[in-house]
Amino acid sequence: MTTQGVAILGSTGSIGTTALRVLARHRERFEVRVLTAHANVAVLRQQVSDWSPGFVALVEGDGEVPATWGRGPGSLVEAATRPDTSIVLNAIVGAAGLDATLAALDAGKRVALANKESLVVGGELVGAAARRGGGIVVPVDSEHSAILQCLGVRGAAEVRRLIITASGGPFREWPIDRIRKATAHDALRHPTWSMGRKITVDSATLANKALEVIEAHFLFGLGYDQIEVVVHPQSIVHSMVEFRDGSVLAQLGVPSMELPILYAFSHPERLEDPGIPAFDPIAAARLDFETVRHDVFPCLGLGVAAGKAGGAAPAVFNGANEQAVALFLEGRAPFGAIADAVHEALARHAGLAGDDLPALWHADAAARRTVKEMFR
Ligand code: NDP
Ligand code: MG
């Protein structure tokens, strides 16, 4: 069997390092040929010495790096389009991953997409790039991987509803007053998943579920009225598909990103992997499902409304959320202000045009500016 070349963008992060752990068990099938990081030179250097990739890029960061390394945001496009790779894992966090997703799809690659912000900010453009270049998007997000697995060969026409599960985050049972004053330390203690800081905060506000509803809309071509969110604290059922005859299929597993990452590489094939944690139905005997407390977690409703509004609204939602989360993590905004900031940015900018990339970046910048001004 020939090996497939893989590019890992954001290799130093939570998804990136997990992917390298998985790929280390599948060296006969996949070869890591590209690695990129934002600023973490120390971890990137170690990965380069472990994997000897043909191309390495560091977007920012000081210090001496080899002259052959790509530098600056433009190097991500080269990383995403190298001719010796057929798979690009986009594990960058935030809208900063959009250009690489578009470039990889234009170049005909399979994009194993963890960077859901790509689809939220530029869903229409991502679809157009895939059609133009012949690339495909295969989701890494566990919920969307579950839906893809449940769908099998069935298309959107046979689906009545997607039911996306949410752990509910660390504040699932907290009273609203306590949540508004929660600290970064509180928000970063996720009950079931170990992830990067930004998505962990998004899981605490439920902004992550809004991003995932928009992601599902673009990935599977379903209307927003066909996508529901249900809280499932154990994170065992990764999502469900209800077909038009009423049959519901679910995909189950322990909360680990190793399986959805591997599946994004191998889909539709399934590879043997003894390293992936085994499922024990007795240990997972209790599965609870609850309704979302929308009054306590307004980011979910705000994001879904932005998705329905279309145009630049999802980009405004995302940009405002990224900026507010950054300020929260720096200790400059309280937890409750994240939803306020997103609300304010949408009120001001949701009507902006989102027809092309410059328009989307304009909306993203406007949203970030509004949020920064709120916490000056
Ligand atoms: P991390 O913060 O752990 O890692 C982010 C990676 O992207 C790092 O390699 C980082 O480099 C790099 N990076 C950060 N900013 C930039 C930038 N501006 N330009 C280029 N590279 C950048 O995030 P996660 O791994 O948790 O998440 C990555 C993506 O996957 C997110 O979109 C998230 O929503 C999604 N996802 C994550 C899951 C998880 O379990 N972690 C589950 C489902 C989806 P450096 O280390 O140098 O800063
Ligand atoms: Mg998810």
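A: Two helices each supply at least two residues of the shell around ligand 1: α1, residues 14-23, and α5, residues 116-133. This is a predicted model. The shell counts 25 residues in total. Thr12, Ser14, Ala39, Asn40 and Glu117 are the closest of them. Ser14 falls within the 14-23 range of α1, and Glu117 within the 116-133 range of α5. By type, the shell residues divide into 13 nonpolar, nine polar and three charged.

Now the polar contacts. Thr12 uses its side chain: a polar atom there lies 2.6 Å from an oxygen atom of ligand 1. Ile92 uses its backbone instead, with an N or O atom 3.5 Å from a ligand oxygen. How much of the ligand does the protein bury? Taken alone, ligand 1 exposes 900 Å², and the protein buries 86% of that.

Two packed helices are described by the angle between their axes and the distance between the axes. Helix α1 packs with α11, residues 258-266, at an angle of about 70 degrees. Their axes are 9 Å apart. Angles of 65 to 115 degrees count as roughly perpendicular, so α1 is roughly perpendicular to α11. The crossing of the two helices is right-handed.

Pro268 lies in the loop between α11 and α12, residues 298-309. The peptide bond from His267 to Pro268 is cis, with omega near 5 degrees. Most peptide bonds are trans.

One more backbone detail sits in another loop. Leu206 is found between α9, residues 197-205, and α10, residues 207-220. Leu206 is not a glycine, yet its phi is positive, at about 70 degrees. Most residues other than glycine have a negative phi.

Methods
Residues are numbered from 1 along each chain as its sequence is written. Chains are lettered from A and ligands numbered from 1 in the order in which they are written. This is a predicted model: local features need pLDDT of at least 70, side-chain atom pairs count only at pLDDT 80 or more; totals for chains, interfaces and linings use all residues. Side-chain values use heavy atoms; hydrogens and water are left out. A residue is near a molecule or strand if one of its heavy atoms lies within 4 Å of it. A polar contact is a pair of N or O atoms within 3.5 Å; within protein, one must be able to donate a hydrogen and the other to accept it, and residues adjacent in sequence count only if both atoms are side-chain atoms. Accessible areas come from the Shrake-Rupley method with a 1.4 Å probe; for residues, only the protein chains shown count as cover. Helices (H or I, at least four residues) and strands (E, at least two) are DSSP runs, numbered from the N terminus. Ala, Val, Leu, Ile, Met, Phe, Trp, Tyr, Cys and Pro count as nonpolar, Asp, Glu, Lys and Arg as charged, and the others, Gly among them, as polar. Axes are lines fitted to C-alpha atoms, for helices over the stretch in contact, and angles run from 0 to 180 degrees between N-to-C directions. Angles under 35 degrees count as roughly parallel, over 145 as roughly antiparallel, 65 to 115 as roughly perpendicular and the rest as oblique. A crossing is left-handed if the near helix is turned anticlockwise from the far one by less than a right angle, and right-handed if clockwise.
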